[in-house]
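Please read the following note beside the sequence and the coordinates.

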Amino acid sequence: MKQKKIIHAVLAGLAVLLVLMAWAPVQAQQKNIILSTTTSTQDSGLLDVLLSIFEKKTGYFVKTIAVGSGQAMAMGQKGEADVLLVHSPAAEKKFVAEGYGVNRRIIMHNDFIVVGPAEDPAKIRGVKGTPQVFKKIASAGSLFLSRSDKSGTHTKEMAIWKEAGINPEGQKWYQQTGLGMGQTLNIASEKKGYTLADRGTYLALKKNLSLDILAEGDAILLNVYHVIEVNPAKWPKVNAAGGRAFADFMVSKEVQDIVKTFGVEKFGSPLFFPDAGKKEEDLGK
Amino acid sequence: MTAPAPLLAVRELRVRRGGALVLDISSLTVEEGTILSLIGPNGAGKTTLMQTLACLIKPHGGEFFFKGENVFSSHGLLQYRRMLAMVFQEPLLFDTTVFQNVASGLKIRGMNGSEIEKRVGQNLQRFGIPHLSERSARKLSGGEAQRVALARAMAIQPDLLFLDEPFASLDPPTRESLMEDLEKILRQTTTTTIFATHDRMEALRLSDRIAVMNEGRILQVGPPDEVMNQPRDEFIASFVGVETILTGRVVRKGRGSFVASIEGQEVEAVGEVEIGEPVVFCIRPENVTLAVSPRQETTSARNVFPARITKIVLLGLYYKVHLDCGFPLVAYVTGHSLENLSLQEGQNVSASFKATAIHVIRKTRGPHPPP
Amino acid sequence: MDLIFEGILKAFHLIFTLDPEVLGITLLSLQVSGTATLISLFIGISIGTVVALTEFPGRRLVVSLINTGMGLPPVVVGLFVTIFLWRNGPLGFLGILYTPAAMIIAQAVIATPIVMGITLAAIQALPKKLRLQILALGATRLQMVWILVKEARLPLLAGVMAGFGGVISEVGASIMVGGNIKGYSRVLTTATVMETSRGNFDVAIALGIILLLLAYFINLVLTHIQQRERPR
């Protein structure tokens with residue numbers, strides 16, 4: 001029956017196609033590194049600069065998958081990434097304790113800031129202590145936007161609410177976007193609400209936003225970035241060598257120097273502060 | 001001298017559909033260069049027969065031979081299919097130019113470009129449509145489209161051509177002109193043709209032989225005048241256009257002739273019968289003559305009856321006159337005669353027909369012998 | 001409003017200065033969606049034609065599956081393709097997650113049912129006797145299928161346009177399986193989402209305009225071909 005012949009031809013063609021497609025990438029398997037990181041690191045533009053240097057130097061091809069810290073670690077847990085660059089310390093510690101990650105090393109930090117409309121309806125300008133600031137916003141019932149995506153920023157925000165002894169969940173003034181930092185900032189700007197943001201993203205988008213920095217500098221607002229290699233013992237398919245190479249690169253002096261000056265030209269102040277080799281507890285002192 | 005083997009010979013061909021036997025042909029032959037018509041009512045199996053012979057339908061039993069070779073032998077099938085062509089009631093043209101349509105059968109056979117051009121040109125010429133060569137098939141009239149379909153089939157120079165009611169969708173003048181042209185072309189090319197129609201006049205005109213079909217069987221096959229004038233039974237008779245079919249019983253018989261009683265009247269006919277036998281008389285309307293004044297001369301017509309005209313119907317070129325002679329009788333009369341005799345409904349006339357013009361069907365006959 | 005105006009200006013700027021990154025993104029969009037559409041054309045037309053012309057047990061089920069597939073949510077396709085291509089998934093050994101190849105696969109999965117469904121309808125719409133006529137001109141079954149496909153070429157072209165339109169504008173699956181990696185798996189749609197989330201609205205609008213122009217010109221060509229032969 002001729003129809004059968006057609007079906008056979010189609011299947012054969014499909015098989016050939018699949019094989020051809022599989023051939024090329026398998027060759028390059030070992031030269032690929034999957035880096036799971038956060039949107040804020042990518043959006044700042046720092047990674048673009050660092051990665052082009054790294055790739056030229058080592059010949060590795062880094063696939064940067066920018067998701068929230070939460071999803072980045074979930075990928076690490078499933079062995080679907082080789083190395084993580086995240087900023088959610090409590091979750092990271094758990095990740096390493098459970099054996100999914102090894103060699104957690106500090107890279108840099110920046111800080112979070114509380115931004116809001118210039119009119120400052122909740123009158124938080126000048127208030128000392130971020131938990132106090134949050135308390136004031138809550139009691140004023142002013143609009144607050146949360147990323148609600150288990151990102152580093154979101155985790156920090158929840159820690160502050162906890163410190164303040166407030167549960168914002170379900171309150172009318174508390175709106176959850178589920179989106180990245182840039183988008184959340186835009187929404188806050190549009191709706192004249194408050195939000196917690198990392199300084200880097202804020203500075204990068206400042207020209208399009210009508211938001212002012214209303215609280216900063218508090219120790220609790222420190223945002224620390226670590227690099228973690230995914231544990232190859234748990235997932236043999238992980239590119240351990242590549243992950244190690246990238247992590248080593250991130251703590252190298254070359255990178256740390258770049259981090260120190262990144263953003264000064266464009267924004268007047270650096271977006272990140274290099275911390276390789278330091279201990280987390282020593283920061284902010 | 002032995003006759004050449006028939007081009008096509010069919011044996012015990014059977015096709016079933018939904019469990020029922022829709023085609024049951026014990027035997028049929030078609031001589032090369034002849035035209036065979038298949039006539040019969042809808043559902044008689046004409047299309048089924050042609051499509052089976054064209055290998056579009058697979059038979060459930062039997063076989064047929066083309067040029068002496070069994071069509072179903074291993075290498076036979078595609079070869080055989082490439083030697084035939086079929087035209088349907090709808091032109092079924094492809095969405096392209098007329099030229100490309102006529103060329104399609106040739107392209108299927110892998111013919112080269114210049115050969116194709118020659119053949120297509122030749123056949124467009126034959127069917128009188130060379131001016132349509134570059135026209136899109138969508139922009140043709142019904143008649144033009146059917147001409148293209150026929151040109152497409154003839155371009156293949158088929159050894160066997162099947163035509164399934166090709167003129168049925170055309171209006172009468174278009175049908176006329178196309179039939180004329182087609183007849184000329186078929187004779188010129190001596191293409192063996194099997195042609196299905198429900199129009200007896202078409203069959204009469206175009207065919208060398210007519211096969212009457214009903215319920216999947218061939219009831220009678222033969223030259224047109226044989227089938228038309230000597231139908232083997234009433235069904236065939238009514239189908240081929242015998243207007244007067246009368247049943248009666250033989251009351252007297254003489255030298256080669258006999259008399260049957262029909263509705264109280266005595267009608268004389270020719271044939272070998274037994275007294276008391278039931279018979280059926282078929283009288284073609286062309287063979288009935290009418291007279292207005294009582295007949296003075298003795299004519300050779302043995303059957304003369306007073307009749308009353310019950311209905312006069314105009315049939316295009318002539319009139320159909322329905323009469324009541326005690327039994328119903330139908331006559332064809334020209335307009336001229338109608339005028340001359342001033343025939344009108346209700347009028348009493350004298351109707352006559354020869355004993356030899358009556359085709360007798362003896363009712364005691366068993367199942368039909370093979371045609 | 002001036003944001004949109006800025007976006008239009010940016011679009012022209014990017015196009016006329018032949019900005020290399022935008023050029024690369026546009027080219028990749030065409031490559032990925034073009035390849036996916038070609039694959040869907042091949043598979044969709046052949047299987048669609050076979051299903052249209054053959055009687056087989058369960059045919060009705062297959063037809064409704066195809067019609068359902070036409071409305072497959074692209075993001076669901078992306079999710080399932082990702083799960084299959086994960087390192088530890090059944091096709092993980094291929095190592096093609098976060099590559100343009102994965103995007104081509106996902107887009108082909110999205111486009112194929114569309115092309116298949118439209119092919120099925122188009123071939124079924126041809127007069128039933130046409131098949132017999134083609135065979136009665138001496139065609140083999142293969143030749144018959146080819147001629148039928150040619151007869152249905154106008155609606156088939158519409159099917160290809162629908163398939164292409166569906167994937168060139170697709171973003172959910174493309175992000176999931178491609179990873180939106182700069183210079184590698186970033187296409188117009190995924191770049192637009194990224195620029196928006198970063199707040200770079202002028203760039204996002206510019207990319208959106210370029211995408212619209214691209215889709216428009218391609219469909220212009222295909223529509224011209226189709227309408228040129230339109231029955232009058």
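1. Basis of the note. This is a predicted model, in which local features need pLDDT of at least 70, side-chain atom pairs count only at pLDDT 80 or more, and totals for chains, interfaces and linings use all residues. Residues are numbered from 1 along each chain as its sequence is written, while chains are lettered from A and ligands numbered from 1 in the order in which they are written.

2. Chain A overall. Chain A contains 12 helices and 10 strands; helices (H or I, at least four residues) and strands (E, at least two) are DSSP runs, numbered from the N terminus. Of its 285 residues, 46% count as buried. A residue is buried if 20 or more other C-beta atoms lie within 10 Å of its own, exposed if 12 or fewer, and partly exposed in between, with C-beta atoms placed from the backbone. Among contacts in chain A with a separation of 6 or more, 75% are between residues 24 or more positions apart. Two residues are in contact if their C-beta atoms, placed from the backbone, lie within 7 Å.

3. Helix α3 of chain A. This helix covers residues 46–58, and its 13 residues reach 18 Å from the first C-alpha to the last, close to the 18 Å expected at 1.5 Å a residue. The expected span is 1.5 Å times one less than the number of residues.

4. Which residues of α3(A) are buried? They are Leu46(A), Leu47(A), Leu50(A), Leu51(A) and Phe54(A). Seen down the axis of α3(A), the buried residues fall within an arc of 105°, so they line one face of the helix; the arc is that of the directions from the helix axis to the C-beta atoms. An α-helix has 3.6 residues a turn, so residues three or four places apart point the same way. On the other side of α3(A), Asp48(A) and Lys56(A) are exposed. The packing partners of the buried residues of α3(A) are β1 (32–37), α2 (39–43), β2 (61–66), α10 (240–251) and α11 (253–261) of chain A.

5. Domains of chain A. The domain assignment divides chain A into domain 1 (10–107 + 225–282) and domain 2 (111–221); such bounds come from an automatic or database domain assignment. Taken over C-alpha atoms, the centres of these two domains of chain A are separated by 28 Å. In chain A, 17 residues of domain 1 are in contact with 15 residues of domain 2. On the domain 1 side, the elements giving two or more residues are α2, α4 (69–77) and α5 (89–97) of chain A, and α2(A) supplies the largest share, three residues. That side of domain 1 of chain A divides into six nonpolar, 10 polar and one charged. Here Ala, Val, Leu, Ile, Met, Phe, Trp, Tyr, Cys and Pro count as nonpolar, Asp, Glu, Lys and Arg as charged, and the others, Gly among them, as polar.

6. Contacts between chains. Of the two pairs of chains that touch, chains A and C have the most contacts. Their contact takes 29 residues from chain A and 26 residues from chain C. On the side of chain A that touches chain C, α1 (2–28), β2 and α8 (181–191) of chain A each give two or more residues, and α1(A) gives the most, with 10 residues. By class, this side of chain A has 12 nonpolar, 10 polar and seven charged residues. No contact joins chain A and chain B, and their closest C-alpha atoms lie 14 Å apart.

7. Domains of chain B. The assignment gives domain 1 (8–238) and domain 2 (242–362) in chain B, with C-alpha centres 38 Å apart. Seven residues of domain 1 of chain B are in contact with seven residues of domain 2 of chain B. Helix α9 (residues 234–240) of chain B gives the most to the domain 1 side, with three residues.

8. A sheet in chain B. Four strands form an open sheet in the order β2-β1-β4-β5 (chain B), with antiparallel pairing; two strands pair if DSSP finds at least two bridges between them. β2 (20–30) and β5 (69–70) of chain B stand at the edges with a single partner strand each, so one side of each is left without a neighbour in the sheet. β1 (residues 8–17) and β4 (residues 61–66) of chain B pair over five bridges, and Arg14(B) stands opposite Gly61(B) in β4(B).

9. Helix α6 of chain C. In α6 (residues 128–135) of chain C, Arg131(C), Gln133(C), Ile134(C) and Leu135(C) are buried. The cover over the buried residues of α6(C) includes α7 (141–151) of chain C.
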